[in-house]
Amino acid sequence: MAQQLKQDVFDRICEAAIASFSTHGYEQTRLADVALAAGISAGNIYRYFADKETLFAEVAPARKATRLRNLLKARLDTFAASSDWESELVQKSGEAKALLDFLVCEKDFVLIALGDHGVSPLGSVRASVIDSFSKASQELAVKNGVADVPSLVLNHVFAGTVDVIVAILRDACGREEIEQAFRAFSLYQLAGLQALLTRGPAGGQ
């Protein structure tokens with residue numbers, strides 16, 4: 001006789017899993033704790049999900065990681081095509097809106113993916129995002145005739161960028177506050193990056 005699975009229980013498990021993965025990370029999340037938060041027995045959760053990896057794939061599907069990467073690339077491309085990054089930031093392009101919509105609507109997923117340092121099945125997402133930022137910046141530097149921007153510096157800068165993205169999504173309340181926080185941080189970071197990528201590390205000496 002087939003098992004009778006309940007949609008409301010399935011939904012509660014997924015909600016509890018999202019909360020745990022986004023707060024505690026993949027490694028520290030246990031199915032027993034997810035079951036407790038969902039209000040079911042530890043044994044009952046296995047009627048719905050065979051293991052932690054299966055549950056993770058349900059609440060943090062790889063297709064969303066692909067969507068995040070594509071949106072970030074589209075946004076980076078708008079800066080690559082512009083000589084005035086501050087104006088580009090203010091203009092609120094379609095690419096900017098699409099990325100912000102995703103970050104807000106899929107906040108828990110982004111917290112899971114970008115907060116992961118290589119342990120979960122999506123462990124490569126954080127590193128790939130940092131690498132995308134760094135490569136795009138290197139390409140801009142070369143385009144501007146600057147060839148001596150150390151990749152080590154850019155990788156650490158953008159690791160910090162990803163940490164700030166995670167902090168904003170974790171701590172800000174609502175779309176308006178998230179948007180304001182991203183704008184303030186972007187204005188701060190873009191000024192330094194534009195100077196570095198157009199004049200180089202020795203430009204001011």
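In which helix is the place of Glu179? Glu179 belongs to helix H10, which covers residues 174–199. Bear in mind as you look that this is a predicted model. Glu179 is partly exposed, with a relative accessible area of 25%. Now find Leu100: in sequence, Glu179 and Leu100 are 79 residues apart, yet their C-alpha atoms are 7.4 Å apart in space.

Stay on helix H10 for a moment and move along to Gln189, which is also found there. Is Gln189 buried or exposed? Gln189 counts as buried, because its relative accessible area is 15% and the cut-off for buried is under 20%. If you set aside the neighbours within four places in sequence, the contacts of Gln189 are Val157, Phe158 and Thr161.

Let us step back to the whole chain. How many helices and strands are there in the protein chain? You can count ten helices and zero strands, so the pattern read along the sequence is α-α-α-α-α-α-α-α-α-α. Of the 205 residues in the chain, 40% are buried. The contacts are worth a look too: among those between residues at least 6 apart in sequence, 70% join residues at least 24 apart.

The largest nonpolar core has 57 residues, and the ones that touch the most other members are Ile13, Leu55 and Leu114. Helix H9, residues 151–171, gives the most to this core, with eight residues. As a general background, nonpolar side chains tend to be buried together in soluble globular proteins.

Which residues does Leu114 touch, not counting residues up to four places away in sequence? Leu114 touches Leu68, Val125, Arg126, Val129, Val162, Ile165 and Val166.

Arg47 is partly exposed, with a relative accessible area of 35%. Its C-alpha atom is 7.7 Å from that of Leu5, although Arg47 and Leu5 are 42 residues apart in sequence.

To finish, let us turn to empty space. Rolling a probe the size of a water molecule over the atoms shows where such space is left. In this model, the second largest pocket holds about 250 Å³. Of the 15 residues that line this pocket, Lys73, Leu76, Asp77, Ser132 and Ala136 are the closest to its centre. Which elements give two or more residues to the lining? They are helix H4 (62–80) and helix H8 (124–143), and H8 provides the largest share, eight residues. By class, the lining of the second largest pocket has six nonpolar, three polar and six charged residues.

Terms used: Residues numbered from 1 in each chain as written. Predicted model: local features only at pLDDT ≥ 70, side-chain atom pairs only at ≥ 80, totals over all residues. Heavy atoms only, no water. Core = buried A, V, L, I, M, F, W, Y, C linked by side-chain atoms within 4.5 Å. Buried < 20%, exposed > 50% of the residue type's maximum accessible area, 1.4 Å probe, protein only. Helix = DSSP H or I, 4+ residues; strand = E, 2+ residues; numbered from the N terminus. Contact = heavy atoms within 4.5 Å. 1 Å grid on protein atoms, 1.4 Å probe; cavity = no way out; pocket = protein on both sides within 12 Å on 5 of 7 lines; lining within 4 Å. Points joined across faces, edges and corners; volume = space filled by probe spheres on them. Nonpolar A, V, L, I, M, F, W, Y, C, P; charged D, E, K, R; others polar.
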